[in-house]
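Have a look at the sequence and the fold, then read on.

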Amino acid sequence: MGLQPLEFSDCYLDSPWFRERIRAHEAELERTNKFIKELIKDGKNLIAATKSLSAAQRKFAHSLRDFKFEFIGDAETDDERCIDASLREFSNFLKNLEEQREIMALSVTETLIKPLEKFRKEQLGAVKEEKKKFDKETEKNYSLIDKHLNLSAKKKDSHLQEADLQVEQARQHFYELSLEYVCKLQEIQERKKFEFVEPMLSFFQGMFTFYHQGHELSKDFNHYKMELQINIQNTRNRFEGTRSEVEELMNKIRQNPKDHKRASQFTAEGYLYIQEKRPAPFGSSWVKHYCMYRKAAKKFNMIPFEHRSGGKLGDGEAFFLKECTKRHTDSIDRRFCFDIEAADRPGVSLTVQAFSEEERKQWLEALGGKEALFQSFNKAILPRPEGGAQLDKMGFTILRKCISAVETRGINDQGLYRVVGVSSKVQRLLSMLMDVKTCSELDLENSVDWEVKTITSALKQYLRSLPEPLMTFELHGDFIVPAKSGSPESRVNAIHFLVHKLPEKNKEMLDILVKHLTNVSNHSKQNLMTVANLGVVFGPTLMRPQEETVAAIMDLKFQNIVVEILIENHEKIFRTSPDATFPEPTCLSPSPPNAPPRQSKRQGQRTRRPVAVYNLCLELEDGDSPSPLKEVTPTSSQDSLSSTSPVTSVAHAHGPSGPDLNHLLADVGSCGDWASTAPNQTRPSMVQWLNLQTPSAPSANPAVSPPSPGSSPFALSPAASLADKLPECVISRKARAVYPCEAEHSSELSFEIGAIFEDVQTSREPGWLEGTLNGKRGLIPQNYVKLL
């Protein structure tokens with residue numbers, strides 16, 4: 001049962017039971033007061049803990065933002081770039097979340113702590129004051145009554161009447177105070193229900209808002225999270241393929257290290273101990289040096305280096321070799337020694353010691369000593385042993401026969417080309433295919449003796465057995481470059497151009513094979529072989545580096561991208577001719593496109609524009625590993641590097657094609673500074689050519705120093721012969737923005753994608769245009785717009 005009501009009529013009786021009921025009400029209010037006091041204390045602790053959590057989260061986000069992955073090689077895939085950017089995305093997510101938490105912490109103070117403190121002070125505090133008055137009046141009233149009743153009846157009537165009146169007034173005052181106190185007690189008991197609970201409701205509403213905001217942030221983040229999962233899976237799959245190749249190379253080198261020495265600019269190089277002579281009492285010492293010798297220049301370099309002292313590198317020396325002589329053990333108490341005499345240091349002779357007799361013979365051969373080993377010291381690139389496979393009529397027959405059998409019998413087989421056949425059966429089938437007599441008798445389309453996986457493995461083995469990969473050693477580096485940089489369209493254009501530089505037989509066989517792989521990828525819902533998976537299988541098969549090194553293996557992922565582009569753009573690449581106006585790529589440069597420099601001296605740097613991220617979805621592992629086929633999820637099997645339908649990451653964007661060649665030539669010719677230097681330009685690099693076709697999210701950086709004399713923002717070899725002939729003119733036309741830009745100076749324009757500029761003209765600042773947008777005229781980064 002709850003508290004009994006306090007009747008106003010009982011204030012006049014003031015019975016013991018009435019007093020018990022008052023004490024019960026007072027005890028309940030005291031309990032409420034203590035509870036609210038503790039709650040306020042806990043609320044403040046909650047705010048402090050929330051702030052501590054927020055500070056820890058912000059510090060965690062700050063640590064994520066500041067870290068950057070390093071990569072092996074000279075470029076990253078789009079997936080790796082997305083993974084690199086993910087830490088910043090995580091940091092931004094936490095930052096946004098903590099901003100909402102900060103709002104919640106402030107709301108706790110305003111909506112819970114302050115109202116409760118006010119209720120406790122104004123309401124419960126007021127009741128305490130009323131209780132003090134009530135107790136005081138009770139004491140006063142009953143003391144007066146006791147005193148009054150002790151008056152002698154013999155007192156004068158006037159005195160007794162005056163005393164009666166005084167007692168009556170005191171009693172009336174007590175009754176009024178009692179009524180007010182009883183009313184206040186009951187009022188506060190009812191008021192506390194909403195005065196206390198309403199702030200609690202506001203507090204929870206603030207919490208719900210925070211969690212709702214977190215839910216909204218999570219929903220916004222979900223798309224990016226799904227794409228990142230694909231990027232991670234793609235990178236993991238590439239890692240598995242790369243790891244197996246690295247381990248294979250490591251085992252080859254472990255078994256025969258002499259046959260896998262890398263190409264070097266030096267005729268001979270390695271460690272030698274050099275004898276350093278000291279004054280007679282101290283004898284001599286032997287110091288380890290790393291020595292390098294160029295036979296053509298007869299130059300000998302040596303640098304002291306001691307591994308045991310933490311790899312400390314000393315000061316190097318160089319001299320020109322005069323002659324080299326072997327030292328016999330009867331003339332020195334050490335083995336494997338020989339003397340070197342310097343041509344530019346008369347009378348100076350060095351005694352050196354090799355690690356073994358074999359190494360001494362190699363050094364003597366390289367240095368022109370008397371005992372020479374008839375074997376090259378530096379075996380740079382060893383020719384691969386030629387098998388029976390050749391790019392001839394028989395090879396085309398093998399290819400067509402295998403493809404016809406696969407498309408007839410196994411186009412829907414899961415893991416087609418991914419699942420490998422038994423090695424002995426594969427070798428037997430390939431031997432039969434390469435024999436003219438048995439090849440004509442083989443009916444792979446109707447024979448049950450040969451499994452589809454045996455046929456596909458034989459086809460891959462034939463392609464690997466060719467003396468030179470189908471896409472040639474010569475163009476290997478040129479094919480890799482587009483996969484490392486540029487926009488999707490420029491990548492396709494570059495590979496289109498390079499395919500038509502292949503020898504005719506190579507191009508014809510590549511056409512037949514890629515057409516077949518396109519058909520295989522069209523059945524990926526059944527066979528699970530997406531374009532990306534086929535890229536993993538056929539990248540190392542069609543593109544093989546001439547020299548087996550770890551650096552070459554790190555480029556496997558880019559070989560896969562090239563094969564993907566071939567499959568996705570088969571019709572364009574093999575059925576149309578490349579644009580004859582495209583400059584021929586001649587050098588490799590994987591660096592991203594440069595922003596137009598400003599010649600002004602003001603400081604600051606424009607933020608880099610977002611780059612497009614194209615996902616390469618690999619559900620399966622490397623093509624020839626015997627591991628079982630993996631399950632494939634729809635999210636990781638639908639896309640690869642495509643120029644037509646790329647999967648782009650949240651907060652990443654890509655633009656349409658940039659200005660065409662004629663526009664760029666006109667722009668170059670319109671600026672006197674460029675035109676005067678253009679004739680001195682060298683042939684453009686592959687990446688400059690890619691950037692010419694389509695700008696890949698350029699960055700406008702006003703802090704970059706102006707171009708040096710003799711350089712140009714666009715190294716166009718066709719323009720080199722035209723720019724000096726074109727008159728200085730002024731372009732005046734419209735342009736459309738293909739990237740958003742935020743001005744960092746009053747002379748620049750801010751704009752969004754799709755903005756149309758009027759009266760666009762060239763600026764005296766290279767790489768910048770002048771135009772009018774919404775009535776305001778200013779500078780525009782040239783590689784942010786497309787001329788109309």
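This predicted model holds 21 helices and twelve strands. Of the chain's 788 residues, 46% count as buried. The chain exposes about 41,000 Å², with carbon and sulfur atoms supplying 53% of that area. Among contacts between residues at least 6 apart in sequence, 72% join residues at least 24 apart.

H3 runs over residues 78–149, 72 residues in total, and spans 103 Å from its first C-alpha to its last, close to the 106 Å expected at 1.5 Å a residue. At Ser-86, H3 bends by about 30°.

The largest nonpolar core has 62 residues, and Phe-479 and Phe-538 touch the most other members. Beyond its neighbours within four places in sequence, Phe-538 contacts Tyr-417, Lys-460, Leu-463, Leu-513, Leu-517 and Val-563. A second, separate core of 31 residues includes Ile-40, Tyr-181, Met-207 and Leu-217.

How far can you trust what you see? The mean pLDDT of the chain is 76, and 77% of its residues reach 70 or more. Among the elements, helix H12 has the highest mean pLDDT and helix H19 the lowest:

| Helix | Residues | Mean pLDDT |
|---|---|---|
| H12 | residues 504–522 | 94 |
| H19 | residues 672–677 | 32 |

Over residues 372–387 the pLDDT is below 50, and this stretch has 38 contacts in the model beyond near neighbours in sequence. Residues 583–731 also stay under 50, with 365 contacts beyond four places in sequence. Where pLDDT is low, the predicted coordinates should not be read in detail.

Note on methods: Residues numbered from 1 in each chain as written. Predicted model: local features only at pLDDT ≥ 70, side-chain atom pairs only at ≥ 80, totals over all residues. Heavy atoms only, no water. Core = buried A, V, L, I, M, F, W, Y, C linked by side-chain atoms within 4.5 Å. Buried < 20%, exposed > 50% of the residue type's maximum accessible area, 1.4 Å probe, protein only. Contact = heavy atoms within 4.5 Å. Helix = DSSP H or I, 4+ residues; strand = E, 2+ residues; numbered from the N terminus. Areas by Shrake-Rupley, 256 points an atom, 1.4 Å probe, with all protein chains shown as cover. Expected span 1.5 Å × (residues − 1). Bend = angle between axes of the 7 residues up to and from the residue. pLDDT = per-residue confidence, 0-100.
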